[in-house]
Amino acid sequence: MQVSLASERLLAELLRARTGQELPDNRRWRIGTALSGLCREYGIDSIDQLVAMFSPTRQSVLARQMVEALLNNETYFFRDRALFDHLVGHVLPTLAETRAESRTLTIWSVGCSTGQEALTLAMLFASQEARWAGWTISILGTDVSGSVIEIARKGCYTPFQIQRGLAMGEMMRWFEETPQGWRVRERLRRMIRFEEHNLLDPLPALPGGQMPTFDIVLCRNVLLYFDAATRERAFARVASALAPDGWLMLGAGETTLGLTDRLSPERGAPGFFRHAKPAKPRRAAVAPAAIA
Ligand SMILES: C[S@@+](CC[C@H](N)C(=O)[O-])C[C@H]1O[C@@H](n2cnc3c(N)ncnc32)[C@H](O)[C@@H]1O
């Protein structure tokens, strides 16, 4: 579908303002594909017409629909499986020891899309039922897009979506067939809460007024299209929400290096990051003068 330069610019600006995501010139080809469904829905045959219907105040529903259509929601179960293997082999055993007293674990899946990432985590815990018996495992999945959160809350998927990452046996184990599709079983769903939230905004405070902190934060394939300043803001939000001894998990190939000084890679664990140790104060080259 043809799109005028003016419409492209308006859409890129709208997307950036609402989500922080950039739509650089070399990705603007996506606009035609992403918005063609909305054009059909509104019964019009050009994106320029769709954009002409938009006014920031009158058509907020349309603005939201356009932004949500432009977001990349690609996700699947056990994406980058090696990272989840590291989580199970190293991170969770450490947390099992350090949180043995409270028996509570909190995890935040940022930019969770339609829920597969949060569900992957729930499957890991449910697979080790005996180990986590008596623990409270709380997984929060958030995304700036209300439409994907709605899908995540429903927890119904097609066999094709499920089999992107899961074998047939796992599908039978974690899902039940319903008239609406294959629904995630209750034992997984009860560990997870899905909320609409923009990573660039503070998380809502807890009922007692304190800010939530998480033992593990996953922020995978969300920051790729932020500019440097927005990425730094996003990392600051994540760092503030991460427990002092917690772990940040990024997507394969993503890093904090050169982007924030608050989080640094964990040695020998690609994809995992921890709070950066504060730089040690340098020893003064000359002894400070004694105070008289
Ligand atoms: C490519 S998907 C990644 C999903 C999942 N984390 C994974 O790796 O499979 C990126 C998700 O980030 C969400 N997103 C983009 N900008 C966001 C923001 N500012 N705050 C929260 N979520 C955002 C998108 O809506 C999308 O669902």
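The axes of helix 5 and helix 6 (residues 116-127) come within 11 Å of each other and cross at roughly 50°. Axes here are lines fitted to C-alpha atoms, for helices over the stretch in contact, and angles run from 0 to 180 degrees between N-to-C directions. Helix 5 passes helix 6 in a right-handed crossing. A crossing is called right-handed if the near helix is turned clockwise from the far one by less than a right angle, and left-handed if anticlockwise.

A second pair consists of helix 2 (residues 30-42) and helix 4, whose axes approach within 9 Å and cross at roughly 140°.

## Basis of the model and overall build

This is a predicted model, in which local features need pLDDT of at least 70 and side-chain atom pairs count only at pLDDT 80 or more, while totals for chains, interfaces and linings use all residues. Residues are numbered from 1 along each chain as its sequence is written, and side-chain values use heavy atoms, with hydrogens and water left out.

The chain has eleven helices and ten strands. These elements are DSSP runs numbered from the N terminus, helices being H or I of at least four residues and strands E of at least two. The C-alpha atoms fill a box of roughly 80 × 60 × 40 Å, taken along the principal axes. Of the 292 residues, 46% count as buried; buried means under 20% relative accessible area, exposed over 50% and partly exposed in between, with a 1.4 Å probe and protein chains only.

## Aromatic pairs

Rings of Phe, Tyr and Trp (its six-membered ring) pair if their centres lie within 6.5 Å; planes under 30 degrees apart count as stacked, over 60 as edge-to-face and the rest as tilted. By this rule the count comes to seven aromatic pairs. In one of them, the rings of Phe-77 and Phe-175 have centres 5.9 Å apart and planes at 80°, so the pair is edge-to-face. Phe-77 lies in the loop between helix 4 (60-70) and helix 5 (81-98), whereas Phe-175 belongs to strand 4 (residues 175-178), so the pair ties together parts that are 98 residues apart in sequence.

Both Phe-77 and Phe-175 are buried. Together with Tyr-157, these two residues form one aromatic cluster.

## Arginine over aromatic rings

A charge sits over a ring if NZ of Lys or CZ of Arg is within 6 Å of the ring centre and within 35 degrees of the ring normal. The charged end of Arg-81 sits over the ring of Phe-78, 4.2 Å from the ring centre. Arg-274 lies over the face of Trp-247, at 3.6 Å from the centre of that ring.

## Residues with positive phi

Most residues other than glycine have a negative phi. Phe-78 is not a glycine, yet its phi is positive, at about 50°. Phe-78 lies in the loop between helix 4 and helix 5 and counts as buried at 11% relative accessibility.

Arg-103, likewise a residue other than glycine, has a positive phi near 50°. Its place is the loop between helix 5 and strand 1 (104-110), and Arg-103 is partly exposed, with a relative accessible area of 38%.

## Cysteines

A disulfide is a pair of cysteine sulfur atoms within 2.5 Å, and a search of the whole structure finds zero disulfides. Cys-112 is in no disulfide; the nearest cysteine sulfur, that of Cys-219, is 11 Å away. For Cys-219, in turn, the closest cysteine sulfur is in Cys-112, too far for a bond. Cys-112 is buried, with a relative accessible area of 1%. Cys-219 is also buried, with a relative accessible area of 1%.

## Separations along the chain

Leu-62 is placed in helix 4 and is buried, with a relative accessible area of 0%. The C-alpha atoms of Leu-62 and Ala-236 are separated by 31 Å, and these residues are 174 residues apart along the chain.

Met-123 lies in helix 6 and is buried, with a relative accessible area of 1%. Between the C-alpha atoms of Met-123 and Pro-202, 79 residues apart along the chain, the separation is 28 Å.
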